[in-house]
Amino acid sequence: MAAEDKRKSMAEGDTALERLATLAPDRRARLLDAAEAAFAEAGFSGASMNAILTAAAMSKGQAYYYVHDKGDLYSAVIERALGDLGGRTDFSAPFQAATIDAFWDGIYAAFARLSGLLSADPVMAALGRTMYEGPQTEKALEAPLARIGRALELLVEKGQGLGAIRSDMPRALIVDMVLSAARALDRWFAENWNDLASEEAARLNLEGLKMIRAMVAPTS
C-alpha cells in the first residue's frame with residue numbers, strides 16, 4: 001500500500017498572496033493590514049505572528065491554510081504593497097516612447113512618482129526598510145522580486161528596440177545588473193530615508209537612475 005500523504009492541505013496558489021486570494025476579502029484585508037502594521041513597526045524579526053493573528057482575529061489553523069509561516073505572510077504583505085505602489089504609478093510612458101530621451105524621461109517620471117508616494121506614506125517607507133534585514137527577508141522576497149524581474153525584462157527589451165539600452169550583452173544579464181543596481185539604490189534610501197529632505201531625496205533618486213542609464217547605455 002502506498003504511504004499516506006500526511007502533508008497538510010493548503011489553499012491553491014504558488015505564492016501566499018495567490019492563496020490568500022481565496023480568502024474572503026474582508027478577512028484577507030484584516031490579516032494583511034495587521035501584518036503590514038506589525039512589520040512596519042517592529043521589522044520582520046520583531047513582529048510576532050501570534051500578535052498579528054490576534055489583531056486579525058484569526059486562529060493559527062485558519063492562517064496556516066493560506067501561509068506556511070511568518071516569512072510567507074511577509075512575502076504576501078510586500079507583494080501587495082508593491083502592487084499598490086505599481087497601481088498608483090504610471091509606467092506606460094517608457095513603453096510608448098518613440099525616442100531614447102522619451103524612454104528615459106518616462107522612467108524618471110515614474111520613479112519620481114514612486115518617491116513621492118513613499119514620502120507621503122511613512123508606513124510604506126518603514127515597510128521598505130524591512131526588506132533588507134537579512135536572509136529571512138531575502139528569501140521571502142523571492143516571489144515579488146521575480147515579478148519585478150519579468151517586468152524589467154520587458155522594459156529592457158523596449159529600451160533595446162529604441163537603442164536606449166545596449167544589445168551586445170545577454171538580456172538576462174542586463175536585467176540582473178539593473179535589478180542589482182536598483183536594489184542597491186533602494187537599500188541606501190531605506191537606510192537613510194529619515195535623514196533626507198524630500199528635495200534631496202528626489203535629487204538623489206534622479207541621479208541614481210542616471211547612473212543606471214550610463215551603465216546600460218550603448219557603447220557606440
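Predicted model: local features only at pLDDT ≥ 70, side-chain atom pairs only at ≥ 80, totals over all residues.
1. Overall architecture. The chain is built from 12 helices and has zero strands. Along the principal axes, the C-alpha atoms fill a box of roughly 65 × 50 × 30 Å.

2. Burial and surface. Of the 220 residues of the chain, 39% count as buried. The accessible surface comes to about 12,100 Å², and 56% of this area belongs to carbon and sulfur atoms. Among contacts between residues at least 6 apart in sequence, 71% join residues at least 24 apart.

3. The largest nonpolar core. In soluble globular proteins, nonpolar side chains tend to be buried together. Here the largest nonpolar core holds 37 residues, and those touching the most other members are Leu 20, Leu 31, Phe 39, Ile 52, Leu 73 and Tyr 74. At least two residues of this core come from each of α1 (16–20), α2 (25–46), α3 (49–55), α5 (70–87), α7 (100–119) and α8 (122–129). Apart from this core lies another, of 17 residues, which includes Trp 104, Tyr 108, Ala 164 and Val 178.

4. The surroundings of Leu 73. When neighbours within four places in sequence are set aside, Leu 73 is in contact with Leu 31, Leu 32, Ala 35, Phe 39, Met 49, Ile 52 and Val 67. Of these partners, Leu 31, Phe 39 and Ile 52 are listed with Leu 73 among the core residues that touch the most other members.

5. Helix α8. The buried residues of this helix are Met 124, Ala 125, Ala 126, Leu 127 and Gly 128. The elements that cover them include α2, α5, α7 and α11 (171–192).

6. Arg 183 is found in helix α11. Its relative accessible area is 18%, and Arg 183 therefore falls under the 20% limit for a buried residue. Neighbours within four places in sequence aside, Arg 183 is in contact with Met 131, Tyr 132, Glu 138, Leu 141 and Leu 145. With one of these, Glu 138, the Arg 183 side chain meets in a salt bridge (3.2 Å, N to O). Because Glu 138 lies in helix α9 (residues 135–140) and Arg 183 in helix α11, the pair ties together parts that are 45 residues apart in sequence. Glu 138 itself is partly exposed, at 33% relative accessibility.

7. Side chains of opposite charge can pair when their charged atoms come close. The whole structure contains 12 salt bridges. In one of them, Glu 191 pairs with Arg 187, with the closest N and O atoms 3.0 Å apart. Both residues lie in helix α11, four residues apart, about one turn of the helix. Glu 191 is exposed at 52% relative accessibility, whereas Arg 187 is partly exposed at 38%. A further bridge joins Arg 203 and Glu 200, with the closest N and O atoms 2.9 Å apart. These two residues both lie in helix α12 (residues 198–216), three residues apart, which is again about one turn. Arg 203 is partly exposed, with a relative accessible area of 43%, and Glu 200 is also partly exposed, at 29%. An α-helix has 3.6 residues a turn, so residues three or four places apart point the same way.

8. A salt-bridge network. Beyond these pairs, Glu 18, Glu 79 and Arg 147 are linked in a network of salt bridges.

9. A nonpolar surface patch. Phe 91, Phe 95 and Leu 154 form a nonpolar patch on the surface, with about 260 Å² of accessible area together. Phe 91 is placed in the loop between α5 and α6 (92–96). Phe 91 has a relative accessible area of 31% and so counts as partly exposed.

10. A backbone point to note. Ala 57 has a positive phi of about 55° although it is not a glycine. This residue sits in the loop between α3 and α4 (60–63). Ala 57 is exposed, with a relative accessible area of 57%.

Notes:
Residues numbered from 1 in each chain as written. Heavy atoms only, no water. Core = buried A, V, L, I, M, F, W, Y, C linked by side-chain atoms within 4.5 Å. Buried < 20%, exposed > 50% of the residue type's maximum accessible area, 1.4 Å probe, protein only. Contact = heavy atoms within 4.5 Å. Salt bridge = Lys/Arg side-chain N within 4 Å of Asp/Glu carboxyl O. Patch = residues over 30% accessible without salt bridge, like charges linked within 9 Å, V, L, I, M, F, W, Y side chains within 5 Å. Areas by Shrake-Rupley, 256 points an atom, 1.4 Å probe, with all protein chains shown as cover.
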